[in-house]
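Colleague: I would like a close look at a single part of this model. Please keep to the pairing of the strands.

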Amino acid sequence: TQSEELLAYELGYRFNLTSQFLLDTTVFYNDYDKLRTNELIEVKPFPPPLTLTTQIDNQMVGEVYGLELATHWQATPTWKWIATYSYLDTQLHLKSTSNDTKAELLETNSPHHQASLRSLLTWTPTLEFDTALYYVDNVPNQQAAHYTRFDARLGWHPQSALELSAGVRNLFDHQHREFDSGKKGTPA
């Protein structure tokens with residue numbers, strides 16, 4: 001096999017709309033060549049068991065493109081909001097010489113949309129309260145449905161070099177699948 005090749009393009013801009021509000025934007029396009037495939041070389045049905053011989057090759061190309069947005073808003077001197085959004089699309093294409101039947105499925109291995117909204121509040125110089133709301137789109141190849149997650153954290157600084165914190169994750173959802181474990185009946 002050969003090394004995979006990537007030609008990447010990215011354009012971004014970060015600017016402060018006001019002294020309290022920052023906006024960060026990025027768009028990107030990645031062009032891939034010589035992506036790895038698993039090529040079937042030989043099938044031997046007899047004598048049992050069935051034997052398949054495969055070889056790793058570079059029979060796929062692809063494009064990945066998307067955008068990322070992030071905002072930081074200092075609502076008050078002690079309260080900051082951070083919002084993010086990202087879009088990702090992957091397009092994979094087998095070369096006509098390939099016989100790999102599964103490689104193109106990798107294009108649905110990542111969520112198209114992800115977003116978050118975080119609140120960082122400093123109640124006192126020693127007490128913090130942070131919350132975060134996340135949305136992740138479905139991941140078809142991983143059999144993972146879209147989900148929303150809410151986290152909260154309470155932090156205390158009794159001394160400048162010491163922090164104690166307690167937090168909860170998935171406060172409103174006790175379980176969700178993020179990827180396929182490959183084992184039947186085992187939640188990921």
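How many bridges join strand 3 to strand 4, and in which sense do the two run?

Modeller: This is a predicted model, in which local features need pLDDT of at least 70, side-chain atom pairs count only at pLDDT 80 or more, and totals for chains, interfaces and linings use all residues. Residues are numbered from 1 along each chain as its sequence is written, and side-chain values use heavy atoms, with hydrogens and water left out.

Strand 3 (residues 51-76) and strand 4 are antiparallel and are joined by 16 bridges. Strands here are DSSP runs (E, at least two residues), numbered from the N terminus, and two of them pair if DSSP finds at least two bridges between them. Across this pairing, Glu-68 lies opposite Ser-86 of strand 4. The link from strand 3 to strand 4 is a hairpin of two residues.

Strand 4 (residues 79-94) also pairs with strand 5 (residues 113-124), again antiparallel, over nine bridges. There, Lys-80 faces Leu-120 of strand 5, and Trp-81 has Ser-119 as its bridge partner.

These strands belong to an open sheet of eight, ordered 1-2-3-4-5-6-7-8 with antiparallel pairing. Strand 1 (5-18) and strand 8 (162-168) are at the edges; each has a single partner strand, so one side of each lacks a neighbour in the sheet. From one strand to the next the twist averages 15 degrees, with axes fitted as lines to C-alpha atoms and angles running from 0 to 180 degrees between N-to-C directions.

Methods:
Helix = DSSP H or I, 4+ residues; strand = E, 2+ residues; numbered from the N terminus.
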